[in-house]
Amino acid sequence: MNKRLLPVLLALSGSAIAQTPSAPLMPDGSRDMYLGLGVVSAPRYAGADDRRTRPSALVQFQWSNGVFLSGLNLGMHLSSTPGLEYGPLLSVDPGRDASGTRKLSGIGGVDLPAYGILKFNPDDIPDIGARLTAGGFVNRYFGDGVRLTSSLLHGAGDDRRGLLWNVALQKTFAGLPAHHHVSVTAGVTWANRRYMQEYFGVLPSQTSASLRTYSPSAGVRDAHVTVNWNRELSPQWLWASQLTVARMMSEAADSPLTFRRNNLTVRTGLAYRF
Amino acid sequence: MSIRRLAIATALLLAAAGAFAQTAPADDGFSAADAAWMSYRDAYRQMLRFEKYGKPKHFIQHHFQVVPKDKAAGMEGVRLLLQGRTMQLELPLDAAGRAVFPMSKAAYDENARLALNRKSGQYVFQPRVSIVVRADGVYEAADLRAACEQVLNYLRDSGQAPSGERKCAGVVFSYARNGVEPNVRFRGVDGQASRLRIDEGGAFSDDSTVAFRTVTYSFAEWPEKGQVITQTPPVAIGAVIR
């Protein structure tokens, strides 16, 4: 079976990287929906010894008119060209609270590779509010189960001027045992200076004994590799698991707020298709 | 500590999944817990992709195919059923294991399943692109070359083409082993006709079963212009891609 056609590479994440489900191929007036629960285990802060395990919702709705809701991403497929997908995209940048924890985490959808997780000094880091970001996506298929995905989103951060551009290459593997679906995604996320400053910068007013002033410029925020493994238990029930390794890059990695460059996140959950 | 919590939560979810995945007790084989099945929605997507395919496809067709994983298993007695909440429809399989796929909104909305009266793991469900059989049995050589290219292009575009550089090498006409002897000839522009050799093998180049008598029209062995004439209609015409 062509795995590319299986639109259920479910992930459990509150990721700020927005990716999109495949274009809808269904009868007019129909929909394809997944709803489920799972758990996610990730470092509380990058470099921290303790990990945090919490429940995670799994949400993906697709309608025949092209509209989709995937985790915290709402978009619409507009392309009628085979092999090409594009459209507008709204997403929620989860922000973070003073402890460094992402807000609105634990709501996931499809193909959402995790981004780097940072270690923060709870006493020094200002709150960054969750923000609605807007932009678009373009995906291109190259055959052999390979898809290039990209999304551009603007509006992150307290000043709502953060810009994120994510580009990733996804390979879906064929020839696996029945009802097992595996894909590997490798990508990078670029952020503008506003975003980098807000998430990785340290203003003179925020400096302390443990924090020096830091003013990063625009650059690649992270590189990540994600492995998705889905197991169909029946036409209705799906077991979805994901492992992500993210490496902080460039000036995000050099930030005094980044204590560990490599981060591992594991997610798994059960979804009902209706 | 958190790893232990993750393990406990995972174990609980797995237990729940096992309970949810149980199906009705075995009766006719279709509803057995270990019956081979596939989501109708996933199969529907594959079929609709071909319907919406925008490049030339007038020489080719798309089916849903059931293929035995074990060469010895065969297709004898294999039946395919579309099972929904309010529907139950048997889909006849041809000698090559292909079924005409019903594009049913009701089945899609009910999240129906396609089930076999065989155990899971013994058979594979897959989309199958083949070349349309002509009623008059006369195929222009150029049309067969174009048909093979159409198959290859579709497989490439849909991500189903085997990896590596692949080219069209010919087409294969397959006939039931217990039917009349195949008679396939190549007629050149000079009117001279030559009979093509009969072999045994699978209906398609990626099919390793030896279930058919086959006649391969190899592009390299025959002139570009001419006709291929079949005396009796084949079960299937597949593209030979190497």
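Of the 274 residues in chain A of this predicted model, 58% are buried. In secondary structure, chain A comprises 2 helices and 13 strands. Among contacts in chain A with a separation of 6 or more, 67% are made by residues 24 or more positions apart.

Leaving aside residues up to four places away in sequence, A:Ser30 touches A:Trp63 and A:Ser64 within chain A, and B:Lys105, B:Tyr108 and B:Asp109 from chain B.

Chain B contains an open sheet of 4 strands, arranged in the order 1-6-3-4 with antiparallel pairing. Strand 1 (35–39) and strand 4 (88–91) of chain B form its edges, each pairing on one side only. On average, neighbouring strands of this sheet are turned by 25 degrees against each other, direction ignored.

Within the sheet, strand 3 (residues 80–83) and strand 6 (residues 113–119) of chain B pair in the antiparallel sense over 4 bridges. B:Gln83 stands opposite B:Arg113, the latter in strand 6 of chain B. Helix 2 (residues 40–52) of chain B packs on this sheet, where it touches strand 1, strand 3 and strand 6 of chain B. The direction of helix 2 of chain B makes about 55 degrees with that of strand 1 of chain B.

Technical notes:
Residues numbered from 1 in each chain as written. Chains lettered and ligands numbered in written order. Predicted model: local features only at pLDDT ≥ 70, side-chain atom pairs only at ≥ 80, totals over all residues. Heavy atoms only, no water. Buried < 20%, exposed > 50% of the residue type's maximum accessible area, 1.4 Å probe, protein only. Contact = heavy atoms within 4.5 Å. Pairing = 2+ DSSP bridges. Axes fitted to C-alpha atoms, helices over the stretch in contact; angles between N-to-C directions.
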